[in-house]
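Subject: Structure for you to look at

Hello,

Here is the structure I said I would pass on. Please open it first, then read my notes below.

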Amino acid sequence: MLRDLAALDGALYAAVAATPTPALDRALRSLSRAADHSKINLSVAAALTLVPGRCRRAGLTGAAAVALASGTANLLGKQLVRRPRPDREAARVVRDRQVPMPASASFPSGHTASAFALATAVGTLLPAAAAPLALLACAVGYSRVHTGVHYPGDVLAGALLGSACAGTALALGRRIG
């Protein structure tokens with residue numbers, strides 16, 4: 001079964017790489033780079049903390065969820081699984097799409113984990129923000145496949161991990177607050 005899932009993951013990666021999307025390439029490359037080091041997520045969380053009340057709580061919880069997701073993905077998940085990055089040369093990923101290839105392992109996607117952690121935590125506390133942040137998280141995740149640095153399975157795992165980390169941050173927030 002794992003072999004079949006790996007084959008499906010590789011086929012989906014190759015399909016994305018083979019699909020010409022010149023109108024999207026620059027925007028998705030820019031989005032992927034903007035998400036480096038959780039810049040987008042932490043900026044949103046910081047902006048929310050400037051507004052008293054529910055927004056401040058959402059921003060603090062979102063920042064905690066991002067920290068937990070990033071740490072779990074990068075310090076635990078990538079070290080345990082050690083999945084190699086995709087070979088974007090073999091898949092012929094268009095140069096205009098590419099971002100620098102990270103030196104870390106591929107599984108899970110830390111960018112996606114952090115984006116989904118923020119979207120889930122903040123969206124739970126501020127329902128009006130749920131849809132826009134979920135859309136942003138999905139776009140960040142897809143951008144990592146589009147730029148050739150992750151397989152779709154890495155992104156799916158990152159989304160699940162980030163959502164779980166948000167659940168943990170929300171539960172801790174309820175206990176503390």
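Of the 20 residues in the largest nonpolar core, Leu-118 and Val-122 touch the most other members. Two or more residues of this core come from each of helix H2 (22-34), helix H3 (39-49), H4, H5, helix H6 (127-146) and helix H7 (152-176). H5 gives the most, with 6 residues. Another core, of 10 residues, lies apart from this one, and Ala-65, Ala-73, Ala-121 and Cys-165 are among its members. Please keep in mind that this is a predicted model.

Now Leu-118 itself. Leu-118 is part of helix H5. Is Leu-118 buried or exposed? Its relative accessibility is 1%, so Leu-118 counts as buried, the cut-off being under 20%. Setting aside residues up to four places away in sequence, Leu-118 touches Asn-41, Val-44, Ala-45, Gly-62, Val-66, Gly-123 and Leu-133. Leu-118 and Ala-130 are 12 residues apart in sequence, and their C-alpha atoms are 9.7 Å apart in space. In soluble globular proteins, nonpolar side chains tend to be buried together.

The other residue I looked at is Arg-97. Arg-97 sits in the loop between helix H4 (54-81) and helix H5 (110-125). Arg-97 counts as buried because its relative accessibility is 0%. What does the side chain of Arg-97 reach? That side chain comes to 2.3 Å from the backbone oxygen of Thr-19. Leaving aside neighbours within four places in sequence, Arg-97 has contacts that include Val-16, Ala-17, Pro-20, Asp-25, Arg-29 and His-146.

Regards

Definitions and conventions:
Residues are numbered from 1 along each chain as its sequence is written. This is a predicted model: local features need pLDDT of at least 70, side-chain atom pairs count only at pLDDT 80 or more; totals for chains, interfaces and linings use all residues. Side-chain values use heavy atoms; hydrogens and water are left out. Helices (H or I, at least four residues) and strands (E, at least two) are DSSP runs, numbered from the N terminus. Buried means under 20% relative accessible area, exposed over 50%, partly exposed in between (1.4 Å probe, protein chains only). A polar contact is a pair of N or O atoms within 3.5 Å; within protein, one must be able to donate a hydrogen and the other to accept it, and residues adjacent in sequence count only if both atoms are side-chain atoms. Contact means heavy atoms within 4.5 Å. A nonpolar core is a set of buried Ala, Val, Leu, Ile, Met, Phe, Trp, Tyr and Cys residues joined through side-chain atoms within 4.5 Å.
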